[in-house]
Amino acid sequence: MNLELFLLLGSGLLAIGLYGALSQQSVVMLMMGLELMFNGLIVAAAAFWYYVAPVAEGQVLIVVLMVVMAVEMAVGFAVVTAIFRARDVDMTDMAADLRE
Amino acid sequence: MLTAVLFWLFGVSAVVFGFLVFRLDSMARVTFALLASFVFVACEVLLLGLSYLGVVIVLMMVMEMVIMAVFMIMYMMNPAGLMPMAMYHNKPGAMSVSLGTFVVLATGTFLVDWPESRGSRPSDTTKALGESLMGPQMLTMMVLGLVLFATIVATVVLATHRGRYDRFGDDLRARPDDPVPGGVRR
């Protein structure tokens, strides 16, 4: 058990989350991918705290990541609800206005 | 030895359940697979001695995933997975990008000369976190509180149904289509 193994685990989770965020059509599934990416970041931050800089600020970084996850999910679901209510859209391909 | 075994057990389980999120058909199973991945990551955090944060991650994720399960069943066309359907776009491209990202990160992980540990770990990590949040990191804590409050307001505004007071809709220059005109007709 060392820093590299923890970072490898974090990289794996981030890569799986990235696959989900890029490949899923459902907005809710896309958000699950984003959550998995944050999951990987939490592992990496905890490992950095333990192996590189065991100061309290490292723990605060994990708290910040958890708050970001909560905000991401809350705002994501609110946006999905708003866009579904306004236009019956629940798929990413149907909400690609900025691309057009 | 036991710690190493637990690390591998939790790590492999977190990755496997994370991958299952995008392989299962039933939305309830998908949500609980993501929850399992989070719980195994929390176990890894507990292994690193961050007992408070590990427990908070478990509690927060249990609540978050239960709420997410409701939304999954609300918004997915096929919530029970009884009629499996593919809801992907550009699957090979996404797979190659994510594999490439993993390879780059893994290579960097093993090539970078990571610095030696600075300082010693506190005996009580929870106390250290609490003293930091209530001391030097108070500004961070206050900003996080404000961000969460702004999130509450923003999500309620976004998610609530537009009622009778939203007479103009998206176009504020148009005249509202009121069934009974009000005001003094000026």
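This is a predicted model: local features need pLDDT of at least 70, side-chain atom pairs count only at pLDDT 80 or more; totals for chains, interfaces and linings use all residues.
Me: What makes residues 60-84 of chain A helical?

Reply: Helices are DSSP runs of H or I with at least four residues. Over residues 60-84 of chain A, the chain is 100% helix and 0% strand, and the end C-alpha atoms lie 36 Å apart. Residues 36-53 of chain A come to 89% helix and 0% strand.

Me: Why is A:T81 called buried?

Reply: Buried means under 20% relative accessible area. A:T81 has 13%, and therefore counts as buried. The residue belongs to helix α3 of chain A, residues 56-87.

Me: How do you know what A:T81 is in contact with?

Reply: Contact means heavy atoms within 4.5 Å. Neighbours within four places in sequence aside, A:T81 is in contact with B:F71, B:Y75 and B:A159.

Me: Where does UniProt list "transmembrane region" in chain B?

Reply: The unreviewed entry lists residues 6-24, 31-50 and 134-159 of chain B. Residues 6-24 are 79% helix, and residues 31-50 are 85% helix. Chain B as a whole has six helices and zero strands.

Me: How does the radius of gyration of chain B stand against that of a compact globule?

Reply: A compact globule of 186 residues would have a radius near 16 Å, whereas chain B has 24 Å. The C-alpha trace of chain B spans about 80 × 50 × 30 Å along its principal axes.

How values were computed: Residues are numbered from 1 along each chain as its sequence is written. Chains are lettered from A and ligands numbered from 1 in the order in which they are written. Side-chain values use heavy atoms; hydrogens and water are left out. Helices (H or I, at least four residues) and strands (E, at least two) are DSSP runs, numbered from the N terminus. Buried means under 20% relative accessible area, exposed over 50%, partly exposed in between (1.4 Å probe, protein chains only). UniProt positions are given in the numbering used here, feature names are shortened, and annotations may be inferred rather than shown by experiment. The radius of gyration is taken over C-alpha atoms; the globule rule is 2.2 Å times the number of residues to the power 0.38.
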